[in-house]
Amino acid sequence: MAELEVGMFKQWRWRWRGRLQTISFSFFGQSASVEFSGSERERARSILLRLEDHRVLYAPYDLEEENGSWGSVEALRAYLNEQVEQCESEELRDQVRAMRAAVRQWLTDVESARKLMERTWGDAPPAGRDPVRWAKDRDRVQWAYGLQALGVLRGRVGVAIAEVGREFGIPIDGDLAQVTPPDVDDSERGARLSPLYFAEE
């Protein structure tokens, strides 16, 4: 029984490590006032600032190309892997893990698109097709799958970004705001055209 209580205390201590500010005891038991530590809030802010460096999350789709996007997403995955281990709060760790899962899914989907094209298009153009034009068409169709997966990636990361902002009281503005869920009231009034698809005038 004692070992079980010690184990439960260790789990409780890890869950609240870095953000438990005060503890007070009452006659009937204990109560705690919980707030996020300043260091954890700064870590959350630092993660959001780093995400702004990855234009693959918000740049217009017509500016994206496979090689550049792949490298940026790989770098983002490596960064998120590091941050998962450093998060003190469960709230921040869960959102960083959600972003990392979205990144892994994009890499998997793009690789699957490559294999699909290898099976369906083959290594050489059909007789009578211009090889250069055929290769360009093949690459364009393949990257269309990549862009579709990129939209899913941005949506999933955008939800996680919004949750981090809500949990830690950090306003989400600038480029990252483009991929967060739209404000309900604004959407009902008629949202503006997204800069992801249309240039602002």
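**Figure 1. Overall arrangement of the predicted chain.** The protein chain contains six helices and two strands, and in this predicted model its elements follow one another from the N terminus in the order α-β-β-α-α-α-α-α. Of its 201 residues, 31% count as buried. Among the contacts in the protein chain with a separation of 6 or more, 63% are made by residues 24 or more positions apart.

**Figure 2. Close-up of helix α3 and its buried face.** Helix α3 covers residues 66-86, and its 21 residues should span 30 Å at 1.5 Å a residue, a value with which the 31 Å between its end C-alpha atoms agrees. The buried residues of this helix are E66, S69, S72, V73, L76, Y79, L80, Q83 and V84. Because these buried residues fall within an arc of 155° when α3 is seen down its axis, they line one face of the helix. An α-helix has 3.6 residues a turn, so residues three or four places apart point the same way. The partners against which the buried residues of α3 pack are helices α2 (38-51), α4 (90-121) and α5 (131-168). On the other side of α3, the residues N67 and E85 are exposed.

**Figure 3. The N-terminal end of helix α3.** The cap at this end of α3 is provided by E65, a side-chain oxygen of which lies 3.1 Å from the backbone nitrogen of N67. N67 itself is exposed, on the side of α3 other than that of the buried residues, whereas E66 is one of the buried residues of the helix.

Figure 4. Q83 is placed in helix α3, and because its relative accessibility is 8%, under the 20% limit, Q83 counts as buried. When residues up to four places away in sequence are left out, Q83 touches R43, I47 and V96. The helices against which the buried residues of α3 pack include α2 (38-51) and α4 (90-121).

**Figure 5. The aromatic pair of W70 and W106 and its surroundings.** Three aromatic pairs are present in the structure. In the pair formed by W70 and W106, the ring centres are 5.8 Å apart and the ring planes stand at 50°, so the pair is tilted. This pair links distant parts of the chain, with W70 in helix α3 and W106 in helix α4, 36 residues apart. W106 counts as buried, having 1% relative accessibility, whereas W70, at 22%, counts as partly exposed. Together with W143, the residues W70 and W106 form one aromatic cluster. The face of W70 also has R114 lying over it, at 4.8 Å from the ring centre.

Figure 6. Since W121 belongs to helix α4 and W134 to helix α5, the pair ties together parts that are 13 residues apart in sequence. W134 counts as buried at 6% relative accessibility, while W121 is partly exposed with a relative accessible area of 26%. D137, which is also placed in helix α5, counts as buried at 11% relative accessibility. Leaving aside residues up to four places away in sequence, D137 touches W121 and R129.

**Figure 7. The charged end of R154 over the ring of Y61.** In this view, the charged end of R154 sits over the ring of Y61, at 4.3 Å from the centre of that ring.

Figure 8. A162 is found in helix α5 and is partly exposed, its relative accessible area being 25%. The C-alpha atom of A162 is separated by 8.4 Å from that of A177, a residue 15 residues apart from A162 along the chain. With residues up to four places away in sequence not counted, A162 touches T180 and P181.

Notes
Residues are numbered from 1 along each chain as its sequence is written. This is a predicted model: local features need pLDDT of at least 70, side-chain atom pairs count only at pLDDT 80 or more; totals for chains, interfaces and linings use all residues. Side-chain values use heavy atoms; hydrogens and water are left out. Helices (H or I, at least four residues) and strands (E, at least two) are DSSP runs, numbered from the N terminus. The expected span of a helix is 1.5 Å times one less than its number of residues. Buried means under 20% relative accessible area, exposed over 50%, partly exposed in between (1.4 Å probe, protein chains only). The arc is that of the directions from the helix axis to the C-beta atoms. Contact means heavy atoms within 4.5 Å. A polar contact is a pair of N or O atoms within 3.5 Å; within protein, one must be able to donate a hydrogen and the other to accept it, and residues adjacent in sequence count only if both atoms are side-chain atoms. Rings of Phe, Tyr and Trp (its six-membered ring) pair if their centres lie within 6.5 Å; planes under 30 degrees apart count as stacked, over 60 as edge-to-face and the rest as tilted. A charge sits over a ring if NZ of Lys or CZ of Arg is within 6 Å of the ring centre and within 35 degrees of the ring normal.
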